[in-house]
Amino acid sequence: MGNFIRDKNDKICFTQRELDLLAKLFERIKNSDLETARKDQISENGMRQFFKENDQLGRALYSFMLANSVTKQGAHVVNLYNFTSCAELLMKEPAEYHNKSFTTKQFDKLELLTKIVLKRGDGKVDPGSIYLQQDEAEAVVNQVFQIFLSNSNDPDYVPEQGIRAFLNGLASPEDMGEVPLVSLSARAKSNFPMLNSTIRQYFRSKFLSEPQLRLPEVERPSHLLNKDFLTLLYLSNATIQKTPKLYLLYSTLSNGAALERVVYALRGYNAPTLILIRHTEKRRNGQQESFIFGGFNKKEWVDNASYSGDADNYIFSLSPVFRNYFTSKGNGENSFAYLNSQRNGNPKGLGFGGQNFANFRLWIDEDLENRSYTRGQDGTFEEGELIDPAIKQLKIDLIEIWGLGSSATLVEQQEFRHSEEETRETMRYSSRAAVNHQH
């Protein structure tokens, strides 16, 4: 078949190199099915073999391509040109589309994935006319999670916790049975800033052999951070997407529930950190319900009774509802992060938000198990609850702090601790020498 030759009037927006890669892939898919090996088209069977790790998506994507592929003779055939034209929709931004069926619709990638998975017509179907039932929304979100499960050692794993938390975070009081796709997509874009670019990059990795998307490796087993929740965080945070490994800096299970241990874990760690907290509530019916929430600090924590961090900091609820509360939707204050372990008149603890060292949005007190709290609003982060607002007293039973640096960051932290200890020893020696000199 050879390369895809680009005519000067050809409006597909791929580069020549990308077109050549797509032509080679088309040949590979075509030749994987004996029925199409001698034809200029691909089949559903060929697409299913290409998506062998996700047969459902392979079938659905072929149906989508077929519905949007028409030859000059009016037949629906996925030939090379139609294959490439549909691939453009998956891998390019809406503003770049040259496929005339989609030019005026400006589908984002979640809307496009929804049309593919649910087989909702061709490119002429306006996303504003599409409404989703709960099970349909779950099917679409499941495909988002499958991006990261294709290489899983457990092919039968269903990300139920993640799907539930994802959709709980997008729920709105006005939802009545069916949810408009455009409304769901807008909420998802707000809660998951990296969602559409992740879907786009997934298809680029499949079709153009770009690096596969991978969740960060977790250095040690976590009691809070499973692959469902890590996926939700990945879809929200560009720093996590660039982090190959998460390092456990602190856990109440292994380090004890003490503010001094928290501060020790954070001091000198010059990289972003992720703090996860679990509150367990005993309901009147005797059942226990757990809430997982936390905060992200992109900067190094500073133990000096003042605010630090920057506008990339945010707080979030993770389970049973996943919601991010970013500074971009706050009221413009800059109380990003606070850490104080000294007795200097300011409260001892770790916090996000608040004002004038009080009324923190999320507060871990030195009396960690009895005086820690959350609030639904402050001037720094978007308004919203981290846990059930009916809960007035936090009962923290687990905290984990994860570092997003590297092994070199840990070495530098150890050097920082050693330097601090040498400074303290020098000060103690000088103090003893001064006393001896007086005598």
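User: Which residues of helix α7 (residues 160-170) are buried?

Analyst: This is a predicted model, in which local features need pLDDT of at least 70, side-chain atom pairs count only at pLDDT 80 or more, and totals for chains, interfaces and linings use all residues. Residues are numbered from 1 along each chain as its sequence is written, and side-chain values use heavy atoms, with hydrogens and water left out. Helices (H or I, at least four residues) and strands (E, at least two) are DSSP runs numbered from the N terminus, and buried means under 20% relative accessible area, exposed over 50% and partly exposed in between, with a 1.4 Å probe and protein chains only. In α7 the buried residues are G162, I163, A165, F166, L167, G169 and L170.

User: What covers the buried residues of α7?

Analyst: Contact here means heavy atoms within 4.5 Å. The cover includes the helices α6, α8 (181-191), α9 and α10 (227-234), together with β8 (314-319) and β9 (323-326).

User: How many helices and strands are in the protein chain, and what percentage of its residues is buried?

Analyst: The protein chain holds 14 helices and 14 strands. Of its 439 residues, the buried share is 50%.

User: How far apart are the end C-alpha atoms of helix α3 (residues 55-67)?

Analyst: The expected span of a helix is 1.5 Å times one less than its number of residues. The 13 residues of α3 should therefore span 18 Å, and this agrees with the separation of its end C-alpha atoms, 19 Å.

User: Against which elements do the buried residues of α3 pack?

Analyst: The buried residues of α3 are L57, G58, A60, L61, Y62, F64 and M65. They pack against α2 (44-50), α4 (80-91), α5 (109-118), α6 (134-149) and α9 (195-208).

User: Which residues line the largest cavity?

Analyst: On a 1 Å grid over the protein atoms alone, a cavity is a set of points where a 1.4 Å probe fits but cannot get out, and lining residues have an atom within 4 Å of a point. Grid points are joined across faces, edges and corners, and a volume is the space filled by probe spheres set on the points. The count comes to one cavity of 30 Å³ or more, and the largest cavity holds about 40 Å³. Its lining consists of L57, L113, Q143, I147, I199, Y202 and F203.

User: Which helix gives the most to the lining of the largest cavity?

Analyst: At least two lining residues come from each of α6 and α9. With three residues, the helix that gives the most is α9.

User: Is Q143 buried or exposed?

Analyst: Q143 lies in helix α6. Beyond the residues up to four places away in sequence, Q143 touches N54, Q56, L57, L113 and V117. Because its relative accessibility is 4%, Q143 counts as buried.

User: What separates the C-alpha atoms of L274 and G294?

Analyst: L274 belongs to strand β5 (residues 273-282), and L274 counts as buried because its relative accessibility is 0%. Not counting residues up to four places away in sequence, L274 has contacts that include L233, F296 and W402. L274 and G294 are 20 residues apart along the chain, and their C-alpha atoms are separated by 7.5 Å.

User: How far apart in space are F336 and G354?

Analyst: F336 is in the loop between β9 and β10 (337-340), and F336 is buried, with a relative accessible area of 12%. F336 and G354 are 18 residues apart in sequence, and C-alpha to C-alpha they are apart by 8.6 Å.

Definitions and conventions
1 Å grid on protein atoms, 1.4 Å probe; cavity = no way out; pocket = protein on both sides within 12 Å on 5 of 7 lines; lining within 4 Å.
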